[in-house]
Number of protein chains: 2
Amino acid sequence: MPHSLDHLETPAALIDLPTMSRNIQRLQQRAERLGVRLRPHVKTSKCLPVIKAQLAAGAQGITVSTLHEARHCFAAGIDDILYAVAIAPGKLPQALELQRHGCRLGILTDSLESARAIVEFASRHQCAFSVWIEIDSDGHRGGLKADDDTLLTVARCLHAAGMRLAGVMTHAGSSYELNDSESLQRLAEQERLACVTAAEQLRNQGLPCPEVSVGSTPTALSAAHLEGVTEVRAGVYVFFDLVMHNVGVCHREDLALSVLTTVIGHQLDKGWVITDAGWMAMSRDRGTQRQRRDFGYGQVCSLEGEWIEAAQFHTANQEHGLITLANLDSSTLLSRFPIGLRLRILPNHACATGAQFPAYQALDAQGNTQAWSRLHGW
Amino acid sequence: MPHSLDHLETPAALIDLPTMSRNIQRLQQRAERLGVRLRPHVKTSKCLPVIKAQLAAGAQGITVSTLHEARHCFAAGIDDILYAVAIAPGKLPQALELQRHGCRLGILTDSLESARAIVEFASRHQCAFSVWIEIDSDGHRGGLKADDDTLLTVARCLHAAGMRLAGVMTHAGSSYELNDSESLQRLAEQERLACVTAAEQLRNQGLPCPEVSVGSTPTALSAAHLEGVTEVRAGVYVFFDLVMHNVGVCHREDLALSVLTTVIGHQLDKGWVITDAGWMAMSRDRGTQRQRRDFGYGQVCSLEGEWIEAAQFHTANQEHGLITLANLDSSTLLSRFPIGLRLRILPNHACATGAQFPAYQALDAQGNTQAWSRLHGW
């Protein structure tokens, strides 16, 4: 019987739209219950129809990881954008360009050196930026500690030079390393407290700090309350993936992104099925390697999305996926996984897998697909 | 003093052209000394100016990993193309399309099921394909063993139906796991012998087998002789990378691809320098993880390309690279690696890192750069 996906060439990145919509609703409703705005991180999808679905559901503003994303989204009419990576001085001209065209762009700093570079550039170009200060709430990356005096020095440097102090933001990225709801709730509280404390430090000194922005998908889905916070940011919740499944913030039926692939060969003596989805399709992300369940290069599913538990996707070459089917004799293997059979692979990390494709194939509840292009590069 | 790379936005993928030219010459001359043709695998660069430099140096024909690469190169006038992945039956219409436009495309099979699918399709569309048979020379992926009777069955099936038997090909990909010249030479001989034996099996049965194609970068650079072989294929030799450096087939000065990045922050108490090249720029490839030297996400170099041995690029987030500088006090760290400083990172795996970028920046001996677009997707 012909299948609605038969016309697609493989490998292809499929978005299951009903699942995506459910994911969007889930975090949106949660943010509303917690009394905060949701500013989705579009680095996961880099895809306008996805981003517009998030905004249509109630999200306010977006977060980007590159100024390329900012330009792309601004060109599509989205004007409230937080560029959530400490800005390299060399990127200030691009930021100014966006601002001069009417984009309400927020830029980020976490050091006096970078704050000074912003101030100098702004003075030279007679402009003012809206600047956020990055707070380190879990030691995993950048940011200033809430009790670090540099926080005040940075804020004063920016404020005195006429920059708009937009607020403080933090990202408890270490949440990806957890896998129980108690630890996640504790980290969410640590993330909230660090950011709220930083905001209070600034306000106590008479410095403005209108926004308090926290988030990562696991903490956003785990926080018991978000007192003092104005917005949450999260990215991968829109698709979820096997890493998030291991973290414990989604169920298998919540995974909206999969890679459609075709069986191209076998090595029967080894129990191998070979497909046309290698690391170029899946990415080299092995995010589940050190989690409670290692999914190799992804979880193999039937075309209908049923998990094939016995399948281990252990090796990926550029355009070859090597999957071992344990305990199947050769003739069963050949008849169940014939050449030309199509499978779907759930990725470890949706952000990394999506990035391998110029476009998604968006699959609706009726089985129709539509190509949705996505952004590549910087 | 202004530097010739100052105008580039970061992250950027730089090709050092003099180094690339030297690499191209090296394998080309080796192939000529060994009396075989060189058919470079363009999956590494996916970039026409690079491919044309390989052909200009004497390469004959190209190898591709996707039909998208084949279409792209054929449109640029390259018509001798081997698609070196066992073809999925669903891709035969694309192969036919190329052939009908005049492309001398070779397709690949390693099973009776797939050979039958080719024959059936060809009969339905009244066409004939040029078909190569994949030989398994080291058990690492697909292919038929040289002494497997299926080899003859497959060849007869194709031949009887009027397909052109182009030859046999093998790829000893397990060469990536080696690191001494003796083992590499031994594997190169194993690769050669398997493929030559397979060709003899076919010829002994009166079946045509004009071509005998072997290769991987390490074996191509290690073979003592290639008697009976007509062509070698190799991809990553054009750029080399840290994986190849660990394998021992290149020196550090042979690495032609690097990622230009900017310092965007620090965590002084941890000795961290944070850059704007995360895994989106480097890829998630950790190919050196189990080799004799683990380079993390890449080897950090100065803008001039000097290795900074004390720098460990241990963690990559999407747009953040975390590099630890051992044994530097805070003020030295800040003065030697100030915000805005540009660095170059040598990648683990050039094929994977290149794929993250829509274009390379080709840097010539005079310090001029030119954007060279590269292919993305399928």
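## A walk through the two chains

Let's start with chain A, where the centres of domain 1 and domain 2, taken over C-alpha atoms, are separated by 35 Å. Keep in mind as you look around that this is a predicted model. The domain assignment of chain A puts domain 1 at residues 35–235 and domain 2 at residues 250–373. How many residues does each domain bring to the contact? Domain 1 of chain A puts in 7 residues, and domain 2 of chain A puts in 8. On the domain 1 side of chain A, the residues that touch domain 2 split into 2 nonpolar, 4 polar and 1 charged.

Now zoom out to chain A as a whole. You'll find 12 helices and 17 strands in it. Its C-alpha trace spans about 75 × 40 × 35 Å along the principal axes. Of the 378 residues in chain A, 56% are buried. Contacts reach along the sequence, too: among those in chain A between residues at least 6 apart, 67% join residues at least 24 apart.

Next, see where the two chains meet. Here 47 residues of chain B are in contact with 47 residues of chain A. On the chain B side, β4 (80–86), α5, β10 (257–267), α10 (279–282) and α12 (350–354) each supply at least two residues. Which of these elements gives the most? That's β10(B), with 5 residues. Sorted by type, the chain B side has 19 nonpolar, 19 polar and 9 charged residues.

Finally, stay in chain B and pick out helix α6, residues 149–160. At 1.5 Å a residue, its 12 residues should span 16 Å, and the end C-alpha atoms are 17 Å apart, which agrees. Which residues of α6(B) are buried? They are L151(B), V154(B), A155(B) and L158(B). These four sit on the same side of α6(B), because they cover an arc of only 95 degrees around the axis. Over on the other side of α6(B), D149(B) and A160(B) are exposed.

So what do the buried residues of α6(B) pack against? Their partners in chain B are the strands β5 (104–109), β6 (130–135) and β7 (164–170), along with the helices α5 (112–124) and α7 (181–204). Following α6(B) is G162(B), which has a positive phi near 90 degrees.

Methods: Residues numbered from 1 in each chain as written. Chains lettered and ligands numbered in written order. Predicted model: local features only at pLDDT ≥ 70, side-chain atom pairs only at ≥ 80, totals over all residues. Expected span 1.5 Å × (residues − 1). Buried ≥ 20, exposed ≤ 12 C-beta atoms within 10 Å, placed from the backbone. Arc of directions from axis to C-beta. Contact = placed C-beta atoms within 7 Å. Domains from an automatic or database assignment. Nonpolar A, V, L, I, M, F, W, Y, C, P; charged D, E, K, R; others polar.
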